[in-house]
Amino acid sequence: MTDLLQKFTSDALPGHPNLTPKDAATLILLDRSGPQPKVLMGKRHHGHVFLPGKFVFPGGSVDPSDRLMTVDAPLDPRAEAKLMLHIRRPSAAKARALVLSAIRETFEETGLLLGSKRADAPKTPAGPWSAFADANIHPDLSGVHFIARAITPPRRPRRYDTRFFTADASAIAHRIDGKVGPNAELVELVWLPLDDIKQRIELLAITELVLRDLHAQIEAGFSHDLPVPFYHVKHGRRVRDML
């Protein structure tokens, strides 16, 4: 654990301006239907400036439209309370927008729509959320777990305050093909066993840390009452606090 924390702080750029982290969210889809849990990961296009060729979870920055999207069922209040810790102007609306951004980004990068399929369409803001209305998919936040938070250390070209969420693969209600391919943001998607994922692909330090946290939370019963790790820099050192 200590070595991974150190690895995550070792690539600072001296003299680089200390940018304010952008709110971001990531979704780890979890398939527990078989003998061992699997997670969905995507390989980023080699032409990307940010993390080219790396295996990542779907995710990205929060968009203003995420605050306007309606939901079929709310986030668990225990997860909501943890999401509002240690942030400026905390609100339930901001917590909900963080989860919705992870769901939206998952659709944009994978074509997977998570939620409940109904006879009527949800009310959606303009933009990518319209695909949910077209397919009559209402985002359902009740099964989403908040499992980790990480702020990119100072002096990086890009800084994010990322919340990591998980949802069961059974939440996939619809799929639109063509989002993944040689010219897309993700060139391939793979389901990988959680227990030995490190043996199959090269992982970023924070990805490995969060996967360890996910494994530990599953082993501990996967309850919303479990503490959520928070990775950030304090007094020049990367630390792992608990929310």
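Tutor: Here is a walk from the confidence of the model to the cavity and then to its surroundings.

This is a predicted model, in which local features need pLDDT of at least 70, side-chain atom pairs count only at pLDDT 80 or more, and totals for chains, interfaces and linings use all residues. Residues are numbered from 1 along each chain as its sequence is written, and side-chain values use heavy atoms, with hydrogens and water left out.

pLDDT is the predictor's confidence in each residue, from 0 to 100. The protein chain averages 87, and 90% of the residues score at least 70. Helices (H or I, at least four residues) and strands (E, at least two) are DSSP runs, numbered from the N terminus. Confidence is lowest in helix H1 (residues 2-8), with a mean of 45, and highest in H2, at 97. Be careful with residues 1-10, where pLDDT stays under 50.

Now to the cavity. On a 1 Å grid over the protein atoms alone, a cavity is a set of points where a 1.4 Å probe fits but cannot get out, and lining residues have an atom within 4 Å of a point. Grid points are joined across faces, edges and corners, and a volume is the space filled by probe spheres set on the points. The count comes to 1 cavity of 30 Å³ or more, and the largest cavity holds about 70 Å³ of space. Its lining is made of Ala79, Lys82, His145, Phe146, Gln217, Phe222, Ser223, His224, Leu226 and Val228. Helix H2 (77-83) and strand E8 (145-151) are the elements that give two or more residues to this lining. By class, the lining has 5 nonpolar, 4 polar and 1 charged residues; here Ala, Val, Leu, Ile, Met, Phe, Trp, Tyr, Cys and Pro count as nonpolar, Asp, Glu, Lys and Arg as charged, and the others, Gly among them, as polar.

H5 (residues 205-219) has 15 residues and reaches 21 Å from its first C-alpha to its last, close to the 21 Å expected at 1.5 Å a residue, where the expected span is 1.5 Å times one less than the number of residues. Buried means under 20% relative accessible area, exposed over 50%, and partly exposed in between (1.4 Å probe, protein chains only). By that rule 11 of the 15 residues of H5 are buried, including Leu214, Gln217 and Ile218.

Just after H5, Gly221 takes a positive phi of about 110 degrees. Phe222 sits in the loop between H5 and strand E12 (229-234) and counts as buried at 10% relative accessibility.

Two neighbors complete the tour. Ile147 lies in strand E8 and is buried, with a relative accessible area of 0%. Contact means heavy atoms within 4.5 Å. Not counting residues up to four places away in sequence, Ile147 touches, among others, Val210, Leu214, Gln217, Phe222 and Val228. The C-alpha atoms of Ile147 and Pro227 are separated by 8.3 Å, although they are 80 residues apart along the chain. Asp76, in the loop between strand E4 (59-61) and H2, is buried at 14% relative accessibility.

Note on methods:
1 Å grid on protein atoms, 1.4 Å probe; cavity = no way out; pocket = protein on both sides within 12 Å on 5 of 7 lines; lining within 4 Å.
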